[in-house]
Amino acid sequence: MIHPTQVAEMLAQATATPGPIPTVIPTPPEFQISGEAGHRTLWVMFGIMVVSSGVFALSSWNVPISRRVYYVITTLTTIIASLSYFAMASGQASTFNCASVKDSHEHVPDTYHDVCRQIYWARYVDWALTTPLLLLNLCLLAGVDGAHTLMAIVADVIMVLSGLFSALGHTGTAQKWGWFTISCISYLFVIWHVGLHGTRMVGAKSAPVGKLFGLMSLLVFVVWTAYPVVWGVAGNARKTTVDTETMIYAVLDALVKPVFGVWLLISNRAIADTNIDLDGFWSHGLAAEGRIRVGDEE
Ligand code: RET
């Protein structure tokens, strides 16, 4: 049985004026977004890609259609890049990826706040369409067979898409690291098919083509590998501003598309053995000549 004095104590406790209510003032999320310098860079890159597309398209005019394959592919890469840069410069095609960050304090418990970084998904759309075209140029140059070229292109598309899923994934989760691993493995497949297999296949061509492919594939490998490094340091670890990230990608994109494009097209004119003569549908379409239709013969 409860003693009346105990009841009195319990009542006193229940009705006592409450102490200070612990208050946690939520810290608003911090947004890492593109600034003035980033926007200007995106517009400049849009201009560079448009001008490059015009130059590449015009330079193919005096080349017979059967030998235009490098020109067509190179022009398409800069046209697609112009569209992607236009989308980004005009303020579209981006989203935010937020991660919780710990704030330590001296006398009160740790608190957390969200850091939300702008991710331009237009880049991944661009890469998914243009990197297969860039690989196709290299495979044609080396004389890589269709089976290996197709495998390299599919591995490349998987690399880009899984990179996008990882970029949008939650920090420190299996989804983020899983997609990242898939992307890296796919990149190794690309190197294997184009770099190693291409080096073996180009042996059947003349020495100048072999030298050109050797140097080009080495530089392509170095510049391409810079992409995942920037992706990790800037986009993922958030060690740079969005503007710096935009500027680094701009330099890499300018090298990979207009600069390497000019190099390939000039070399194609200088080294006869780089030429690929594509007849048939590529040059003539589905012409009616030569087809016998049942009922036509009298
Ligand atoms: C990602 C995700 C992280 C892992 C790897 C990646 C590789 C990216 C590469 C991009 C190349 C882009 C080019 C663009 C030209 O316009 C997707 C960053 C391995 C190799 C050449």
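Cys184 is partly exposed, with a relative accessible area of 34%, a value that comes, like every other one in this report, from a predicted model.

| Residue | Relative accessible area | Class |
|---|---|---|
| Cys98 | 31% | partly exposed |
| Cys116 | 3% | buried |
| Cys139 | 2% | buried |
| Cys184 | 34% | partly exposed |

The structure holds one disulfide, and its two partners are Cys98 and Cys116, whose sulfur atoms lie 2.1 Å apart. The link is right-handed, with 110 degrees about the S-S bond, and it connects distant parts of the chain, since Cys98 belongs to strand β2 (residues 94-103) while Cys116 belongs to strand β3 (residues 111-120), 18 residues apart.

The threonine to consider is Thr130, which is found in helix α4 (residues 122-142). Is Thr130 buried or exposed? Its relative accessible area is 0%, so Thr130 is buried. When residues up to four places away in sequence are not counted, Thr130 touches Thr77, Ile80 and Lys257. With Lys257 there is also a polar contact, made between the side chain of Thr130 and the side chain of Lys257 at 3.3 Å.

Technical notes. Residues numbered from 1 in each chain as written. Predicted model: local features only at pLDDT ≥ 70, side-chain atom pairs only at ≥ 80, totals over all residues. Heavy atoms only, no water. Disulfide = S-S within 2.5 Å. Helix = DSSP H or I, 4+ residues; strand = E, 2+ residues; numbered from the N terminus. Buried < 20%, exposed > 50% of the residue type's maximum accessible area, 1.4 Å probe, protein only. Polar contact = N/O pair within 3.5 Å; in protein donor to acceptor, adjacent residues only side chain to side chain. Contact = heavy atoms within 4.5 Å.
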